[in-house]
2 protein chains.
Amino acid sequence: MRSVTIGILGLGQVGAGTLRLLQERRVEIKARLGAALDVRRIAVRDLGRAREVLLDPALLTDDPHAIVSDPAIDVVIELIGGIEPARSLILAALRNCKHVVTANKAVLAECGAEIFAEAAARNRVVYFEGSVAGGIPILRSLREGLASDRIEAIVGIVNGTSNYILDAMTRSGAGFSEALQAAQAAGYAEADPRLDVGGGDAAHKLALLALVAFGARVDPHAIPTEGITGVSALDIRAAAELGYVIKSLALAHDAPHGPCLRVHPTLVPRGHVLASVAGAYNAVLVESRALGRSLYYGRGAGMMPTAVAVVSDLLEVARDLLAGVAPAAPPAVRDVAPTSTDALEHEHYLCVHVPNLPGVLGRVATCLGRHGVSIARMIQERAGAGPVPMIILTEAVAERAMQAALAELATSPELAAPPTHIRLLPAALC
Amino acid sequence: MRSVTIGILGLGQVGAGTLRLLQERRVEIKARLGAALDVRRIAVRDLGRAREVLLDPALLTDDPHAIVSDPAIDVVIELIGGIEPARSLILAALRNCKHVVTANKAVLAECGAEIFAEAAARNRVVYFEGSVAGGIPILRSLREGLASDRIEAIVGIVNGTSNYILDAMTRSGAGFSEALQAAQAAGYAEADPRLDVGGGDAAHKLALLALVAFGARVDPHAIPTEGITGVSALDIRAAAELGYVIKSLALAHDAPHGPCLRVHPTLVPRGHVLASVAGAYNAVLVESRALGRSLYYGRGAGMMPTAVAVVSDLLEVARDLLAGVAPAAPPAVRDVAPTSTDALEHEHYLCVHVPNLPGVLGRVATCLGRHGVSIARMIQERAGAGPVPMIILTEAVAERAMQAALAELATSPELAAPPTHIRLLPAALC
């Protein structure tokens, strides 16, 4: 019986899930592949720790370098996460002519240039389906299903924590902090949630989506990124009254000099297919020239969903290895700066807390008008003792103009706080 | 420059789309594949007809047998549709050791045993992504993305015509006939719509989904199939009042002796991700053990969407051909009878037209009760001159019991017409 030999770096949730899937589906995998997938070694930090999966303790080592340099291993699965030591170990594995499967979006988004260059030099592949939207086969769909199509735009709910929190706020009326705490208690948010709720995780995934969809490698730090920490219970309620649901979206569209990318909370019309993506689910909507709109939806994280993606990559590598075929060279990639969002037109939602005094609202509207921002609709919340929240929907206006208007409003001594500001999903994507 | 040589049978909408995609994306395909896809001949019925795509008339022939027997052709793309001559031509192509790509669900659902046996005997592949849900890469996702997972259930909106009509009825309040006529005028329904609105087309696609997901080949005529012709404007309105949208679904779940399959209109809760699938779109929801719920959504038909699927299959065949690799043998398939739906439990929606007389409703309820059908909720529409429509939601009850109750009610002299009866989406899929 032929076999493909595997080393695994990291035996946390996803590592244990991968191992479990390889064990539980051993017979089916063998039948499908005509060969066994043989896990030879697993690197862990703590040899003594109890594991969520049955395994021969002799497989374990606390020296990951022993795996990436082991000549008996064909494929290294990196599931440590984070930048280092993942980066060094992936590079070492490639230098030792191993194929690599990883679910680590951070290391690929931050150090992709180096890693993919090394892979190309060694004629090895790095597959990373598990790094974007968990088990949803979105990268494979872009790469193969839509191979002959031209991708024009991508809109993703790719951070399950943010979606879980916004969804909980929508259902319960809770504020952000309360919903975050509940998400942490339920295991849907990390103790340090900043990478999730700040949008950084979504920016990493967006950079990888742009890599596969547009062949464009961008610095994830160059992606304009807004988290959901500024979204209030009032915003959720006001959006609902206007017929919208607030979602944290990662958006990309192709442009001549480099894709235009951004991550921000967004008002999505209630009947839109993205509006029904609840809880910790992920979804990626793709607009392509021939196919039109398509959408891929599923669990964006978790032990078994991500393991499904990891094993799907592993099967693809194994098929090529067994066939004795050089793996498909990835399409050419350009390193580009993303196109500025300055000229992007959006309708905007604003929530302005104005003191209940004559003339103030006029001055807000005048300020907006001075920057070319037209008001499409306005709702005044019931007046109380303090400042009154005014909800404004604007006509579509360029990002640059809206930012200038917001900057001026932020300095106004009449406003109790800078306006809250959330973009609407562009009409072309509705 | 190496190339893969192609013959196309049929140059209707999808054929023209395929050709256009191969022309427009020639450079990208060459770059990705390292070889050209070279269309050598195209069989058409009428050599003189004007075409929607630019082509060298010398490529055309009105003899499809010249293509399937041409030794210079590697891959035959069958886009004629229907059973014959598609079946004979596919078999002849396989006998002549050509790989086959097709978007023809009817021929594969009806004659799959014969076709796949011939393919296996010749060590050739038959790919058919375009035959189910148009351009959505659902078969590839099941086969590769979820390769290591165990599929438990599938729920699909796979007939765009039916979805378009039900969606139009929901939006406009129109009746079935009116909505069908509008769909025909808009090009979303055929002049003879029976295969679409009767559910037969969905049953074909469901049989192919079951083949890929469960490795089970079933006779599509053995699938219990109900179309949407009995759904009335009143049903749509009453369902909406109760918080549901009516969708035509193809449902499958795995069972020990063969999958349980059925096609029928279904009440789907309004917030469900399938409820937001509008117009002629398709969507396939998959429940699998490790990944959980995932969904694939997009245009289910049309010139360019289906062409994207055809070319994705073509690229996969071409990659193997160029690598000199035998294509992956399809996983083992069993020929099975589908598991009976008799014991399946559903909640049901009933609409009973009862004369406005004392005691009738009691007798309806008694009849239901006699068969073990409990009433969960009831709405009486406003009473008029004639019979009064009563809307009943039942508790979950086995199909067999409900059918017995319906059969008895249908013979009741007191009812103006047999009750309308629509199943609710099972709670496990909500």
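Into which domains is chain A divided? In this predicted model, chain A consists of domain 1 (3–135 + 303–333), domain 2 (138–299) and domain 3 (345–429).

Consider domains 1 and 2 of chain A. Their C-alpha centres lie 27 Å apart. Across the boundary, 19 residues of domain 1 of chain A are in contact with 17 residues of domain 2 of chain A, contact being taken as C-beta atoms within 7 Å. On the domain 1 side, α5 (105–122) and α12 (303–323) of chain A each supply at least two residues. The largest share comes from α5(A), with 7 residues. By class, this side of domain 1 of chain A has 11 nonpolar, 5 polar and 3 charged residues.

The next boundary is the one between the chains. Here 42 residues of chain B are in contact with 42 residues of chain A. On the side of chain B that touches chain A, the elements giving two or more residues are α2 (26–33), α6 (138–145), β12 (292–299) and α12 (303–323) of chain B. Of these, α12(B) gives the most, 9 residues. This side of chain B has 24 nonpolar, 10 polar and 8 charged residues.

Strand pairing also links the two chains. Strand β12 of chain A, residues 292–299, is joined to β12(B) by 5 bridges, and the two strands run antiparallel. One pair can be picked out by name: Tyr297(A) has Leu295(B), in β12(B), as its bridge partner.

How values were computed: Residues are numbered from 1 along each chain as its sequence is written. Chains are lettered from A and ligands numbered from 1 in the order in which they are written. This is a predicted model: local features need pLDDT of at least 70, side-chain atom pairs count only at pLDDT 80 or more; totals for chains, interfaces and linings use all residues. Two residues are in contact if their C-beta atoms, placed from the backbone, lie within 7 Å. Helices (H or I, at least four residues) and strands (E, at least two) are DSSP runs, numbered from the N terminus. Ala, Val, Leu, Ile, Met, Phe, Trp, Tyr, Cys and Pro count as nonpolar, Asp, Glu, Lys and Arg as charged, and the others, Gly among them, as polar. Two strands pair if DSSP finds at least two bridges between them. Domain bounds come from an automatic or database domain assignment.
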